[in-house]
Amino acid sequence: MNARKGGARMTGERTYLEAIRDAMDEEMARDPNVLLLGEDIGAFGGAFKVTDGLMAKYGESRVIDTPISEAGIVGAAAGAAHMGMRPIVELQFIDFISCAYDMLTNYVATARYRAFLPCPMVVRGPSGGYVRGGPFHSQNPEAAFLHTPGLKIVYPSTAADAKGLMKAAVRDDDCVLFFEHKYLYRRVKEVMPAGDHVVPIGKARLAREGTDVSIITYAATVWRALEAAELLQSEYGISVEVLDLRSLLPLDDEAIEATVRKTNRLLIVHEDTRTGGIAGEITARVSETCFDWLDAPILRVTAADVPLPYSPPLEDYVLPQTSDIVRAVRRLAAY
Amino acid sequence: MARAGKAPARSKGAAVAVTRPSDALSREQRIALYRYMRLTRVLEERLVALYRQTKVVGGLFRSLGQEADAVGSAFALEQRDVLSPLIRNLGAMLVKGATPLEVLRQYMAKGNSPTRGRELNIHFGDTETRNFIGQISHLGDMVPVMAGVTLSFRLRGEERVGLVYIGDGATSTGAFHEGINFAAVQRCPLVVIVENNGYAYSTPTNKQTAAKQFVDKAIGYGIVGVQADGNDVLAVYDVTKEAVDRARRGEGVTLVELMTYRRKGHAEHDNQSYQPVREIERWAEENDPIDRYVKVLRDTQGVTDDELAAIEADIVALVDSATDEADASPMPEPTDALVGVYADPAIVPPLWFRESVRSAVDANERAQGWGTYDG
């Protein structure tokens, strides 16, 4: 791991949040067609300050404060994208993406296929839990869009990937949903790779090499998986490989198959709820392509199937914890 | 609530000008308005015939009695302006340059239709040269989209205008509200036309809104609102042209309510049982937009029977040859279904059980006559 979590900042380090801002800044400087749309993103800099300073730098015509109208904003971004702009839409919390579900799934996702209309746009927003945000400020709605051909979905776990994937998303000729984990915003930081750092969409990242059990995960639970892997190695001598998906649509089938064929044991971890989550899709793919390589059933560690509650004992109980991952890996290793 | 067959008076909200924008139209342009309205009607009548022959795949949607609203409004745009039509705006699309051949191929699901068989009916567009964008079925969605299209014009300093239609029914959607409000706040060069044809499928306007008239909604958005007789093609042209000019001058959004009447059902299969007795007939007899305009052309332009007959012959010949060509056009290649969901990857790989199978129906099955497998 080259990223660091917590602790004092070293020279030249950028947080996950700053990395996203840097990427948008660099893309706006590179391409005059890139513009930002969202609620309170201008002079105020956004609820989490992700766009802080960008209005001062690029002006009100490229950093546009909008009414509270998620469907309106996403629809307007699509129209501007048809005309050659490259809008980046901020949803104040990704929980509000459901207000734009129709626009994204019916209009945006189908535009190229049904009408040959380019729709290059990014829809981004703070996602995820572990922050005591309650049912409407903690969601992970990625699986609701996984089922929609025409969209792309990325969900980085490191600051460098956040930057590189944002740049790739802005340059992509289709709509990319960019999930940002708010727990990681200021907790994860690292020195950025030099130059024009672009991370290709659709490529997973091997976060830790191992030989006994594979964990496939993404976003905040990558860090829990890495913590569990350290513990499993030191306490139980189990060598765990951790694959950080980074992109959820398209999935990196090649990397998924490679790690399963290497360790023959697979645990899928996600913070999203269980039923209909991405783990189910990955499980189906692995069973279709790697059945002969499996020495154990595929297991899942996910949130429980409940709306995410607010109070710490409740939230901690519902969301996947490091100890859950340790328990699941030990069960797989014992097979 | 039964709707009177009388045209409403021209709105108090409309600009009271000594000269009307339509005064500047040449005789040739005035005849073009007629031609587009007749072409709309003849083409739709041809589609009805093809529908009954089962050559139209899926539903058929008519704009009978609303041709003036579509044609007169689109005629106020320039080529560079972008139009976003609805299902009853075939006439507007023809004005923008859509061809009968394209429309026929669309309705017949042909492989060389403008959407290559991916979308139905007049859900198609062209943003390269003619500048119209196909609608989706989720009514109201095109309003935010056109807010964005016209936002890009304003941001780039292009003197282009957008025109989006919304039905009386879809003014009840959230997308309409979000889109028109966004466009109003951003002072987008957008004209929003509410086509009040009395019905959303079977629902009359008094079950759609408690507002006395749709034009009143403009006040709430802080934009100009005007109302006009949608069956008077020159009145439609006048209010739309004024709205387009305002937008081009940077004065923002106008809501235009056009009063018209839907004489056919929501789609061809709709028996219109909910429309009061004699209502449809009264509109047909007393307020047909084409009949009304023919009288205007005769009275003010001295248009003769011979001229009208020549136009008719020209339209019929055009629709005839387009019908033949569309009918002879190939259906799409099945595997084209996998192309172009994304720019990259450009093609979706076939599912394993369709690998090296070019059709959904293999040698052991019959495309027609399911249940009579006799292999």
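Predicted model: local features only at pLDDT ≥ 70, side-chain atom pairs only at ≥ 80, totals over all residues.
Reader: Okay, so at what angle do α3 and α4 of chain A cross, and within what distance do their axes come?

Author: Helix α3 of chain A, residues 70-82, and helix α4 of chain A, residues 101-115, cross at roughly 10°, and their axes come within 9 Å. Since angles under 35 degrees count as roughly parallel, α3(A) and α4(A) are therefore roughly parallel to each other.

Reader: And which residues meet there?

Author: From α3(A) there are A:A71, A:V74, A:G75 and A:A78, and they meet A:D102, A:M103, A:L104, A:Y107, A:V108 and A:A111 in α4(A). Two of these names return when we look at the largest nonpolar core, where A:V74 and A:A78 are among the residues with the most contacts inside it.

Reader: How many residues does that core have, and which others have the most contacts?

Author: The largest nonpolar core has 201 residues, and besides A:V74 and A:A78 the residues with the most contacts inside it are A:V123, A:L267, A:V329, B:V71 and B:V192. The element that gives the most to this core is helix α8 of chain B, residues 233-248, with nine residues.

Reader: Pick A:L267 for me: what is it in contact with?

Author: If we leave aside the neighbours within four places in sequence, A:L267 is in contact with A:V213, A:I215, A:L299, A:V301, A:A328, A:V329 and A:L332. One of those partners, A:V329, is itself among the residues with the most contacts inside the core.

Reader: Zooming out, how many helices and strands are there in chain A?

Author: Chain A has 11 helices and 15 strands. With a radius of gyration of 19 Å, close to the 20 Å that the globule rule gives for 335 residues, chain A is as compact as a globular protein of that length. The C-alpha trace of chain A spans about 60 × 50 × 40 Å along its principal axes, and 56% of the 335 residues of the chain count as buried.

Reader: What about contacts between residues at least 6 apart in chain A, what share joins residues at least 24 apart?

Author: Among those contacts in chain A, 80% join residues at least 24 apart in sequence.

Reader: Switching to chain B, how do α1 and α2 pack?

Author: Helix α1 of chain B, residues 27-52, packs against helix α2 of chain B, residues 67-74, at an angle of about 135°, with the axes 9 Å apart. That angle makes α1(B) oblique to α2(B), and α1(B) passes α2(B) in a right-handed crossing. The contact is made by B:L33, B:Y36, B:M37, B:T40 and B:R41 of α1(B) together with B:E67, B:A68, B:A70, B:V71 and B:G72 of α2(B).

Reader: And where the two chains touch, how many residues come from each?

Author: Chain A gives 28 residues to the contact and chain B gives 32 residues. On the side of chain B that touches chain A, α5 (142-156) and α6 (174-185) each supply at least two residues, and the largest share, nine residues, comes from α5(B).

Reader: Then is B:N121, with its positive phi, buried or exposed?

Author: B:N121 is not a glycine, yet it has a positive phi of about 35°, and it sits in the loop between α4 (100-107) and α5 of chain B. With 23 other C-beta atoms within 10 Å, B:N121 is buried. B:Y201 also has a positive phi, about 50°, although it is not a glycine, but B:Y201 counts as exposed, with 12 C-beta neighbours inside 10 Å.

Terms used: Residues numbered from 1 in each chain as written. Chains lettered and ligands numbered in written order. Core = buried A, V, L, I, M, F, W, Y, C linked by C-beta atoms within 7 Å. Buried ≥ 20, exposed ≤ 12 C-beta atoms within 10 Å, placed from the backbone. Helix = DSSP H or I, 4+ residues; strand = E, 2+ residues; numbered from the N terminus. Contact = placed C-beta atoms within 7 Å. Rg over C-alpha atoms; globule rule 2.2 N^0.38 Å. Axes fitted to C-alpha atoms, helices over the stretch in contact; angles between N-to-C directions. Parallel < 35°, antiparallel > 145°, perpendicular 65-115°, else oblique. Left-handed = near helix turned anticlockwise from the far one by under 90°.
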